[in-house]
Each structure stands twice: as C-alpha cells, then as structure tokens.
Amino acid sequence: MPLYTNHTSFPAIVTIQIESTSEPGAAIQIGQEPIYAKQKADKGWHDFQVDPGMTIEMSNGTVAVVLGVRMTG
C-alpha cells in the first residue's frame, strides 16, 4: 500500500520520518507499478522527490509516516 501518491502535475518533495527499518539500504521504494527504485534511508527524517503519478512505498520491515508535502512547480 502506498505511503504517498503524487496525484498532481508537479513534482513534490515529501518529508517522511522513518521510525524503524530492517533494511536501511532499501527502506523506501519510489516509482510506479511495476517499476520501483529502492532508496537508502535509515531511522530519522528524510526528503524525497516524487514526480507526478509516482508513489512512495515502504519496503518490508519499514515503519514510516508522512510529515509534510511541498510542491516544487
């Protein structure tokens, strides 16, 4: 299930807080079905760019929450 989906026509900067992860080298996945790019992220706050139509998903064992979203366009 997606943590965030960008339904706008502009890129977004999404701030998330990772509370825990079993795989810091691939804690988050950004993309669109069926292709996702794995992103490194350890415990803490992180900003990720999410292009229009793309989603952020958590990898197995990652617990995260969205803290904010900013449009860049």
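The radius of gyration is taken over C-alpha atoms, and the globule rule is 2.2 Å times the number of residues to the power 0.38.

**Figure 1. The whole chain.** This is a predicted model: local features need pLDDT of at least 70, side-chain atom pairs count only at pLDDT 80 or more, and totals for chains, interfaces and linings use all residues. Residues are numbered from 1 along each chain as its sequence is written, and side-chain values use heavy atoms, with hydrogens and water left out. By the globule rule, 73 residues in a compact globule would give a radius of gyration near 11 Å; the chain has 11 Å, which agrees. Along the principal axes, the C-alpha atoms fill a box of roughly 35 × 25 × 15 Å. Buried residues make up 32% of the 73. Here buried means under 20% relative accessible area, exposed means over 50%, and partly exposed lies in between (1.4 Å probe, protein chains only). The chain exposes about 4,400 Å², and carbon and sulfur atoms supply 54% of that area. Accessible areas come from the Shrake-Rupley method with a 1.4 Å probe; for residues, only the protein chains shown count as cover.

**Figure 2. The strands in order.** The chain has zero helices and seven strands. Helices (H or I, at least four residues) and strands (E, at least two) are DSSP runs, numbered from the N terminus. From that end, the elements read β-β-β-β-β-β-β. Contact means heavy atoms within 4.5 Å.

**Figure 3. The open sheet.** Four strands form an open sheet in the order β1-β6-β3-β4, with antiparallel pairing. Its edge strands are β1 (4–5) and β4 (35–39), each pairing on one side only. Two strands pair if DSSP finds at least two bridges between them. Strands of a sheet pair through backbone hydrogen bonds, either parallel or antiparallel. Strand β3 (residues 28–32) and strand β6 (residues 55–58) run antiparallel and share four bridges. Gly31 has Thr55 in β6 as its bridge partner.

Figure 4. Thr55 sits in strand β6. Is Thr55 buried or exposed? Thr55 counts as buried because its relative accessibility is 9%. Leaving aside neighbours within four places in sequence, Thr55 contacts Pro2, Tyr4, Thr5, Gln29, Ile30, Gly31, Tyr36 and Val50.

**Figure 5. Strand β2 and its partners.** Strand β2 (residues 12–20) pairs with strand β5 (residues 44–50) in the antiparallel sense, over seven bridges. Ile13 stands opposite Gln49 in β5. Eight bridges join β2 to β7, and these two strands also run antiparallel. Ser20 has Val63 in β7 as its bridge partner.

**Figure 6. Close-up of Leu67.** Leu67 lies in strand β7. Leu67 counts as partly exposed because its relative accessibility is 45%. Not counting residues up to four places away in sequence, Leu67 touches Thr15, Ile16, Gln17 and Trp45. His46 is 21 residues from Leu67 along the chain, and their C-alpha atoms are separated by 9.6 Å.

**Figure 7. A nonpolar surface patch.** Phe10, Val66, Val69 and Met71 make a nonpolar surface patch of about 310 Å². Patches are made of residues with over 30% relative accessible area and no salt bridge: like charges are joined within 9 Å, nonpolar side chains (Val, Leu, Ile, Met, Phe, Trp, Tyr) within 5 Å. A salt bridge is a side-chain nitrogen of Lys or Arg within 4 Å of a carboxyl oxygen of Asp or Glu. Val69 is in strand β7 (residues 63–71). With a relative accessible area of 37%, Val69 is partly exposed.
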